[in-house]
Amino acid sequence: MTVTENPTAALREARTVDDAVVEGPRSLRRLADTQESAPYRLLDVRPLGPVIGAELHGVDLREEISEELRAEIHRALLEFKVVFFRDQPITSERQQEIARMWGDLETNPFIDQGDDAVIARFAKGEMPPSYENVWHTDVTWRREPALGAILRLVEVPPQGGDTMWADMAAAYDNLPEEVKARIDGAVAEHDVIPGFARFLDRERLLEWQDRFPPVHHPVVRTHPETGRKTLFVNVSFTTRILGMEREESDALLRYLFQQAHVPEYQVRFRWEKNSIAFWDNRATQHYAVNDYHPHPRVAERVAIVGDRPY
């Protein structure tokens, strides 16, 4: 049977929802143009995907970390944006010592503390988890958001409880050129209140809101070490793009928020006992998958003070 073409036939309208993320080829480059790929001498680096995530083997975090080893871990962090260590039975004190090799540690008054003020403790399981299962970048409500964070699970559920990270440099790379033209140079407002108003009581928010007024950050930040452009808005804390009418700002932000949802930009990490994650908060968003209730999941995080985005 042959099919004959009808030159007068009209194809019905085929349109997608305006500003939706659609299928098609995506550019997946791990390194900025200014970065060079080179072998690792002190680490066995096992990539988990084309652009983001790698397990680092051949190191015992309980032992002293030389400056040469620290430099290799840091290079891997810049290349893969989040790195993972297996079988590392370190203490909370050692976790802090390692983090301080990258800078001062910050506190977060909105999250329960562990044995030290710099430890954010996430203990879940008795009640269904109610937050963190949203794509976000930590503490962008600060003038100087965290450089990065080290997360250690104290108690791992028998199933579920994974964490996902998204490469926001890859997300920026793949934006349509007309969208890049709209956001390059744009500035957005970030506010702590929207991210916590659904979970904290009004009195606690009132206590802290004057100390943490809304701040302004570029919609596209430049990574201070690699020079790479990174999409820097997130649904938890970004409230509006300055200079736009609310309707236009909301529509554009909804589209930008969607970019973290693209699987090609993501890595998903299955936690095991004594696993460690260290991520670059300047280049990523992350999502804690809340699928383990009623099993307990206890995690401790230390965050490293960052710089002012530009």
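This is a predicted model: local features need pLDDT of at least 70, side-chain atom pairs count only at pLDDT 80 or more; totals for chains, interfaces and linings use all residues.

Trainee: In what order do the three strands of the open sheet lie?
Mentor: The order is β9-β8-β12, and the pairing is antiparallel.

Trainee: Which strands stand at the edges?
Mentor: Those are β9 (215-218) and β12 (238-241). Each has a single partner strand, so one side of each is left without a neighbour in the sheet.

Trainee: By what angle are neighbouring strands turned against each other?
Mentor: On average the angle is 35°, with direction ignored.

Trainee: How many bridges join β8 and β12?
Mentor: Strand β8, residues 187-190, pairs with β12 over three bridges in the antiparallel sense.

Trainee: And which residue of β12 is opposite E189?
Mentor: E189 stands opposite R240.

Trainee: Changing topic to helix α1: what span should its 14 residues have?
Mentor: Helix α1 covers residues 67-80, and at 1.5 Å a residue it should span 20 Å. The C-alpha atoms at its ends are 20 Å apart, which agrees.

Trainee: Why is α1 described as largely enclosed?
Mentor: Ten of its 14 residues are buried, so the rest of the structure largely encloses α1.

Trainee: What comes just after α1?
Mentor: K81 follows, and this residue takes a positive phi of about 70°.

Note on methods
Residues are numbered from 1 along each chain as its sequence is written. Side-chain values use heavy atoms; hydrogens and water are left out. Two strands pair if DSSP finds at least two bridges between them. Helices (H or I, at least four residues) and strands (E, at least two) are DSSP runs, numbered from the N terminus. Axes are lines fitted to C-alpha atoms, for helices over the stretch in contact, and angles run from 0 to 180 degrees between N-to-C directions. The expected span of a helix is 1.5 Å times one less than its number of residues. Buried means under 20% relative accessible area, exposed over 50%, partly exposed in between (1.4 Å probe, protein chains only).
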